[in-house]
Amino acid sequence: MEHATKSLKSLIAFSTGILGRLNIDFVDEEFCRQWTLKTFHPSGPVCPFCGLRIIDNGFVEKFYRAISVKCPHCGKWFRATTGTFLEGSHLSFRQVVVMLLLIEANQPTEAISQLIRADNETVRRWKRRIKTEQKQKQQFKGAIQ
Ligand SMILES: [Zn+2]
């Protein structure tokens, strides 16, 4: 019985404030990249300029590694992040995934920036983008009703 109480205490000690102790080392960059890009492109790469669906294995591999690829049809260069909210972002995939998780958990900007090793302004900018998109979505819903 006493043993159970001790282990309960250590579980509480371990889990108290665990969200504030989380950082980007808890997640794998490769996994976050694959997961994010497969979410963006569940049925494989499509050229954002001419719409060509590309099935060449080498191309697909580069595409899901977020490397620039050249469309064999229209000749334009693009990445798996082209046309997504990640276009132009300088954050790593794991920084983005952990940041979005912590934003959704309503963590303060300063805590998030420390945990993902980015500056406060970067996190503020992402929070503003999310708010703006949420407002636009609500206005769009209101317009339909
Ligand atoms: Zn193309």
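Residues are numbered from 1 along each chain as its sequence is written. In this predicted model, local features need pLDDT of at least 70 and side-chain atom pairs count only at pLDDT 80 or more, while totals for chains, interfaces and linings use all residues.

**Exercise 1.** Find how many helices and strands the protein chain has.

*Solution.* Start by taking DSSP runs, with helices as H or I of at least four residues and strands as E of at least two, numbered from the N terminus. This gives 7 helices and 2 strands. Then read them from the N terminus on: α-α-α-α-β-β-α-α-α.

**Exercise 2.** Work out how helix 3 and helix 5 are oriented to each other.

*Solution.* Helix 3 (residues 29–40) and helix 5 (residues 93–104) pack at about 75°, their axes 8 Å apart. Next, recall that 65 to 115 degrees counts as roughly perpendicular; helix 3 and helix 5 are therefore roughly perpendicular. Finally, list the contact (C-beta atoms, placed from the backbone, within 7 Å): Glu29, Cys32, Arg33 and Thr36 of helix 3 meet Phe93, Arg94 and Val97 of helix 5.

**Exercise 3.** Describe how domain 1 and domain 2 are placed.

*Solution.* Begin with the bounds, which come from an automatic or database domain assignment: domain 1 (27–87) and domain 2 (89–145). Their centres, taken over C-alpha atoms, are 23 Å apart. To finish, the contact takes 6 residues from domain 1 and 7 residues from domain 2.

Note on methods:
Axes are lines fitted to C-alpha atoms, for helices over the stretch in contact, and angles run from 0 to 180 degrees between N-to-C directions. Angles under 35 degrees count as roughly parallel, over 145 as roughly antiparallel, 65 to 115 as roughly perpendicular and the rest as oblique. Two residues are in contact if their C-beta atoms, placed from the backbone, lie within 7 Å.
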